[in-house]
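Here are my notes after a first pass through the model. Have it open while you read, and go through the points in order.

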Amino acid sequence: MGATSIPGPSSSQWLFPISALQVTPSRTTSEIPLEKELYDRARGVEFLFRLGVSLGLPSSAMYTAATWFHRFYMRYSMEDYHRQDVAGACIFLATKTEECGRKLRDVAKIMCAKIAKVDPKEVADDSREVEEAQHAILLAEEVELVDLFEAREESFEVEEYAWSIANDSYRTPLCVLYPPRIIAAACYVLAQHIVEGPESSTPLSARISSPAPSASLPTPPSQSAMPSESSRFAVEFFRFNEIEMASVGDVLAILLEFFAAQDVQGPAEYLAPIAEIQPPTTSPREKLYQPFAHVAQVSGVRANGSDTVRKDEKPPPPVPETKTSTQPSGRGWKPITSEKTNSGRPPDRLSERLDLS
C-alpha cells in the first residue's frame, strides 16, 4: 500500500502535530486503535534496540534508527509493514549514516535470531529465514542533554536518570512530535524531580512556569513562592517562550502517561512512584496510552477479527505476578550507574524488564 497523506511536518524538521497520531495510516486505512499502535511502536523500538545492542552499535545509531522507525509509521500502516521488518531496515540504514557500517546479512541474522530467540550462531547464513529478512529490510529501507550537563554541574544521579528517560522516550512518537531540545528539557526536569523525591521536590508545573515579574517583589500571600533557580535551569538555559514551555509540559505529560501504562501492579511495580507523579497542567487532549497489560490481552485480535500477530513471532511469556530478584529495590526505579551512553548500548531503561519484543 502507498503512503497516506496526513498533516505534514515542518519544512526544516520531520515534526508532526500531536493530532497527526489520530490520522496515521494504521488508524485511517487499517482501523488499528491508537492504544494498539502506540503499544506496537514501543515493542518495535524495543526490538530495534536489542538488534542494535547485539550488533554492537553506538547509542547514537540506535536513536537515529528509532526516529526513522516512528517517521515510517507516520506514512505507512503497521498492518502493511511488520514492526520487526521496519526495525531491521532502520538499523541497517543507521549503520550507514552513523559510520558504523554492518553487512546486510549480519543485520538479517541478528534479526532472525531475536525473533526466534536463539543464539545467532544457530542461524545459517544461507537459510531461507535470513534471505527473507534481508528482503524485508531492503523493502522497508542528538542529544541536547549534553549541552545541559556541560552548562551546569549536576549530580551524577540526575544525569543517569535523564539519559534513561531520554532513551525511553524513543519508545513513544515524541521524536517526531517535538524538537530535540523540548524533549531534552522535559527529561532533565523529570529527572530532577525524581531524584529530589516527592516531599522535597518542586512540582513539575512550577518548574516550567513563567518567572516572576521581578525578583525584588515580594510573593503575594495568595501565591506560593517561585521555585529555586536550579529547578528552572532547563527552561532558562534554552530561553523557552510560553509556547515552548507549554510543549515541555506536553512532553512531560506524555512521558508520565507512558510510564503509568506499564504494569505497575505487577513486574513494573518499581515504576509506581514515577507513575504517581502529578503531571503539569496541559491543554485538553485525548489520552494516548492505555494500560499495556490490557492492550496486550487484546492485541492479537483487531476490530474486524483478524490476527495481527506475525506467523513466525513467538508470543511473549506470561508476565510474572511477583517482583523478581533482578528488579531494583528502594524508592522506585533507579538506573544503572556503571553504563555510559558511549558504551555501545543504551542506558538502562524503565521498560527494560518488560517483554515488549
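1. The expected span is 1.5 Å times one less than the number of residues. Among the buried residues of H5 are Leu104, Val107, Lys109, Met111 and Ile115. Buried means under 20% relative accessible area, exposed over 50%, and partly exposed in between, with a 1.4 Å probe and protein chains only.

2. Some ground rules: this is a predicted model, local features need pLDDT of at least 70, side-chain atom pairs count only at pLDDT 80 or more, and totals for chains, interfaces and linings use all residues. Residues are numbered from 1 along each chain as its sequence is written, and side-chain values use heavy atoms, with hydrogens and water left out.

3. How far does the confidence go? The chain averages a pLDDT (the predictor's confidence in each residue, from 0 to 100) of 74, and 69% of the residues score at least 70. Residues 212-227 fall below 50, and that stretch has nine contacts in the model beyond near neighbours in sequence; contact means heavy atoms within 4.5 Å. Residues 301-309 also stay under 50, with twelve contacts beyond four places in sequence. By element, helix H1 (residues 25-28) has the highest mean pLDDT (95), and helix H6 (residues 128-140) the lowest (69).

4. On the fold, you will find 14 helices and zero strands. Of the 357 residues in the chain, 50% are buried.

5. Helix H8 (residues 156-169) is worth a look. Its 14 residues reach 20 Å from first C-alpha to last, close to the 20 Å expected. Twelve of the 14 are buried, including Glu159, Glu160, Trp163, Asn167 and Asp168. What covers the buried residues of H8 includes helix H2 (34-54), helix H3 (59-72), helix H7 (145-151), H9 and helix H12 (242-260).

6. Which residues touch the most other members of the largest nonpolar core? They are Leu48, Ile91, Leu145 and Leu190, out of 97 residues. (Such a core is a set of buried Ala, Val, Leu, Ile, Met, Phe, Trp, Tyr and Cys residues joined through side-chain atoms within 4.5 Å.) Helix H9 (residues 180-196) gives this core its largest share, twelve residues. Beyond neighbours within four places in sequence, leucine 190 contacts Ile165, Leu204, Leu252, Leu256, Phe259 and Ile277.

7. Phe259 turns up again in a ring cluster with Tyr39, Phe258, Tyr289 and Phe292. The structure holds 16 aromatic pairs. The rings of tyrosine 39 and phenylalanine 292 have centres 5.1 Å apart and planes at 65°, so they pair edge-to-face. (Rings of Phe, Tyr and Trp, its six-membered ring, pair with centres within 6.5 Å; planes under 30 degrees apart are stacked, over 60 edge-to-face and the rest tilted.) Tyrosine 39 and phenylalanine 292 are both buried.

8. Last, serine 283 sits in the loop between helix H13 (272-275) and helix H14 (292-298). Serine 283 counts as exposed because its relative accessibility is 52%. Its C-alpha atom is 9.2 Å from that of glycine 249, 34 residues away along the chain.

Technical notes: Helices (H or I, at least four residues) and strands (E, at least two) are DSSP runs, numbered from the N terminus.
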